[in-house]
Amino acid sequence: MTNPTGSRHVRSLIDGESQHDSELGSITRLTADTFPILKGLSIKRLLLQPGSIREPHWHANADEIGYCLSGSVLISILDNGSSFSSFTIESGQMFVIDSGSLHHIENVGDDEAEIVVVFSHERPEDFSLQAAFGTMSDAVLGNTYDLEASEFTPLVRDTTSRDIVKRSGPAVVPDTAGFNNPHKFDVEAQNPPLQHPYAFVKLARSQFWPALEHLSMYSLTIEDTGMREPHWHPKTAEMGYVHKGNARMSILDPDGTVETYLLGAGDVYFIPKAYPHQIEVIGDEEIHFLIFFDQPTPGDIGYRASVSAFSRPVLAATFSVDEATLPAFPFTPTDPLLVAKSNPSDPV
């Protein structure tokens, strides 16, 4: 388990705990067992080789939201009430799966597929279809399907999970798999609701994706001339995955401790609800973050609106200076979220 900064807020997902590693693919994860600060969120990185399948399974205590970084996969979901969905997603597209819903993820392309998956629990619990079958006797299964018990004797069954299995023969992709689906969202095709010359944000939240109930995601791109305004989220925790680029974050803990750390591709950070923090680019390459929240519509309070909320005498007393010494704060009734970086970065 790699901790790239020594910070309690940061871990590497690429070097995270291994759930599965074979020629078929791999699953690495960060849960509260290895990343103790996590609460209400956890994350996995799924790699599937062509023809490989994340076996049919479900999560007992967590919704799941996924973002495809590369490849082409087929996702099938059996929801409560026998409602069934089957659709394909590719790079820049997302899926959501309710807790308890049976689903599979199958690489139907010619290249490796990479997916980042986030759960609405710090310790998600999984059940596989194979394990569920292994629980029952041949006779019970025979009665279930109106077949002879001997029909089930050849099946290899146990109560463990194989995680990733290999398909034999070509993939079966329904003709309807390319249609829009409530479980599917093409976030990167969205016209950015927030856009500046130096940064833009695309939003996978319930306002645009009604299927979301417990999770959401912002796809954040910032160039070296921009910065995420210092802010905090009153009612939601934040967990970010660094897709590309290098960034620096600062975060204030309730005991007054300030942590400033560098982030690179593959790193994950976690910020509990209402902890103030910021994000800035380090270097001349843009950054792309996938930022996940444990609410379907996250909100925030930024530093710009914060000073606009109080009179200058109150601010002068707060910062222990004369009123005339205060900066010329611009009146900002609505936080901009993203700001230009007009000053040079502090030394690393």
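Predicted model: local features only at pLDDT ≥ 70, side-chain atom pairs only at ≥ 80, totals over all residues.

Mentor: Residues are numbered from 1 along each chain as its sequence is written, and side-chain values use heavy atoms, with hydrogens and water left out.

Trainee: Why is Asn181 called buried?
Mentor: Buried means under 20% relative accessible area, exposed over 50%, and partly exposed in between (1.4 Å probe, protein chains only). Asn181 has 15% relative accessibility, so it counts as buried.

Trainee: Where is Asn181 found?
Mentor: In the loop between strand E13 (164-166) and strand E14 (184-185). Helices (H or I, at least four residues) and strands (E, at least two) are DSSP runs, numbered from the N terminus. The side chain of Asn181 reaches the backbone nitrogen of His183 at 2.9 Å. Beyond its neighbours within four places in sequence, Asn181 is in contact (heavy atoms within 4.5 Å) with Ser85 and Phe87.

Trainee: What makes the link between the side chains of His103 and Glu64 a polar contact?
Mentor: The term asks for a pair of N or O atoms within 3.5 Å; within protein, one must be able to donate a hydrogen and the other to accept it, and residues adjacent in sequence count only if both atoms are side-chain atoms. The His103 and Glu64 side chains make their polar contact at 2.9 Å. His103 is found in strand E10 (residues 102-107), and His103 is called buried because its relative accessible area is 1%.

Trainee: Is Ile271 buried or exposed?
Mentor: Buried, because the relative accessible area of Ile271 is 1%. Ile271 is found in strand E22 (residues 267-271). Not counting residues up to four places away in sequence, Ile271 touches Ala237, Glu238, Met249, Ile251 and His277.

Trainee: How do you know that strands E4 and E11 pair?
Mentor: Two strands pair if DSSP finds at least two bridges between them. Strand E4 (residues 42-48) and strand E11 (residues 113-119) have seven bridges, in the antiparallel sense. In one of them, Leu46 has Ile115 of E11 as its bridge partner.

Trainee: Which sheet has E4 and E11 in its order?
Mentor: An open, antiparallel sheet of seven strands, in the order E2-E3-E4-E11-E6-E9-E14. Strand E2 (17-22) and E14 each have a single partner strand, so they stand at the edges with one side left without a neighbour in the sheet.

Trainee: What makes a residue part of a pocket lining?
Mentor: On a 1 Å grid over the protein atoms alone, a pocket is an open set of points with protein on both sides within 12 Å along at least five of seven lines, and lining residues have an atom within 4 Å of a point. The largest pocket holds about 450 Å³ of space. Of its 18 lining residues, the closest to the centre are Pro230, Tyr303, Arg304, Val307 and Phe329.

Trainee: Which elements give two or more residues to the lining of the second largest pocket?
Mentor: Strand E5 (52-59) and helix H1 (129-134) do, and H1 gives the largest share, three residues. About 200 Å³ of space lies in the second largest pocket.

Terms used
1 Å grid on protein atoms, 1.4 Å probe; cavity = no way out; pocket = protein on both sides within 12 Å on 5 of 7 lines; lining within 4 Å. Points joined across faces, edges and corners; volume = space filled by probe spheres on them.
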